[in-house]
Amino acid sequence: MSRPPKPIYKTINWQAYNQALRQRGSLTVWFDPEMQWDAVPSGRRG
């Protein structure tokens, strides 16, 4: 018994596709300049 063939997806609306990728990858990072950036030494690497 053979497997059914994989479906083939074809992008037609490239403008909407690219916009969706941009929204999915959106990441906002806030930095506080008063925050202490030094990690507590654990004695291990990494």
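Trp14 and Tyr17 sit three residues apart in helix α1, a separation of about one turn of the helix. The model is a predicted one, and its count of aromatic pairs comes to one. That pair is formed by Trp14 and Tyr17, with ring centres 5.5 Å apart and planes at 90° to each other, an edge-to-face arrangement. Trp14 has a relative accessible area of 49%, so this residue counts as partly exposed. Tyr17 is also partly exposed, because its relative accessible area is 39%.

Helix α1 covers residues 14–24, and Trp37 is placed in the segment after it. Trp37 has a relative accessibility of 55% and therefore counts as exposed; the cut-off for that class is over 50%.

Trp37 also takes part in a nonpolar surface patch, together with Leu27, Val29, Phe31 and Met35. The area of this patch is about 630 Å².

What share of the 46 residues of the protein counts as buried? The share is 0%, where buried means under 20% relative accessible area. The protein exposes about 5800 Å² in total, and carbon and sulfur atoms supply 56% of that area. As for overall dimensions, the C-alpha trace spans about 55 × 35 × 10 Å along its principal axes.

Notes. Residues numbered from 1 in each chain as written. Predicted model: local features only at pLDDT ≥ 70, side-chain atom pairs only at ≥ 80, totals over all residues. Heavy atoms only, no water. Patch = residues over 30% accessible without salt bridge, like charges linked within 9 Å, V, L, I, M, F, W, Y side chains within 5 Å. Areas by Shrake-Rupley, 256 points an atom, 1.4 Å probe, with all protein chains shown as cover. Salt bridge = Lys/Arg side-chain N within 4 Å of Asp/Glu carboxyl O. Helix = DSSP H or I, 4+ residues; strand = E, 2+ residues; numbered from the N terminus. Buried < 20%, exposed > 50% of the residue type's maximum accessible area, 1.4 Å probe, protein only. Phe/Tyr/Trp six-rings, centres within 6.5 Å; stacked < 30°, edge-to-face > 60°.
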